[in-house]
Amino acid sequence: FSSHLGKVLKATDVNDANGSSIDIVYFGFDGSFGYNKFVSPSTVQNYTFSYIPNAITTRIINRQESCGCGTSMTSAQFDAMTDDVLLQATAINQISAGLSEFDNSGLPRIVLFQTQDGRKGAIKIKQCVQAGKQSYIVCDIKIMKSA
């Protein structure tokens, strides 16, 4: 996903010109949604994706419930956000437990992130749609316009 471009980019869309504008990458292992995670664009090659040219580093908390990092945002807080005050006040302390994968239980799930340029954001995963190789997640993303 690129907040600068305002859209989701597929692997075939990524190139030298837009690689640096990708904020966050979703990795889903299969259509059963047993292993999912958002990853930093700078680490996608560790998850079967091709290297992203000029990739940035994004800090991510996939599992607030197990990260022990003192960070939390609820679905209700996400829904109530009309400005970036809550995001500004949220510390994004990435540790390995927070990077862990998640499954399709416990939806909605809030994933927090902070881009290399300091913008903080939250993803609300609302639904996992099983459609074989075309399976996908339905989510909302809120991100600061500037740090």
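User: Before we look around, when does a charge count as sitting over a ring?

Analyst: A charge sits over a ring if NZ of Lys or CZ of Arg is within 6 Å of the ring centre and within 35 degrees of the ring normal. This is a predicted model, and here the charged end of K142 sits over a ring, 4.7 Å from its centre. That ring belongs to F78.

User: How many aromatic pairs does the structure hold?

Analyst: Rings of Phe, Tyr and Trp pair if their centres lie within 6.5 Å. Going by that, the structure holds five.

User: Are the rings of Y26 and F38 stacked or tilted?

Analyst: Planes under 30 degrees apart count as stacked and those over 60 as edge-to-face, with the rest as tilted. The planes of Y26 and F38 are at 55 degrees, with the ring centres 5.4 Å apart, so the pair is tilted.

User: How many residues apart in sequence are the parts this pair of Y26 and F38 ties together?

Analyst: Y26 belongs to strand 1 (residues 25-28), while F38 is in strand 2 (residues 36-39). The pair therefore ties together parts whose separation in sequence is twelve residues.

User: Is F38 buried or exposed?

Analyst: Buried means under 20% relative accessible area. F38 has 5% relative accessibility, so F38 counts as buried.

User: What kind of pair do F38 and F102 make?

Analyst: Their ring centres are 6.4 Å apart and the planes are at 20 degrees. Planes under 30 degrees apart count as stacked, so F38 and F102 are stacked.

User: Which residues do ring pairs link into a cluster?

Analyst: Look for a group joined by ring pairs. The cluster is made of F27, Y35, Y47 and F49.

Definitions and conventions:
Residues are numbered from 1 along each chain as its sequence is written. This is a predicted model: local features need pLDDT of at least 70, side-chain atom pairs count only at pLDDT 80 or more; totals for chains, interfaces and linings use all residues. Side-chain values use heavy atoms; hydrogens and water are left out. Rings of Phe, Tyr and Trp (its six-membered ring) pair if their centres lie within 6.5 Å; planes under 30 degrees apart count as stacked, over 60 as edge-to-face and the rest as tilted. Helices (H or I, at least four residues) and strands (E, at least two) are DSSP runs, numbered from the N terminus. Buried means under 20% relative accessible area, exposed over 50%, partly exposed in between (1.4 Å probe, protein chains only).
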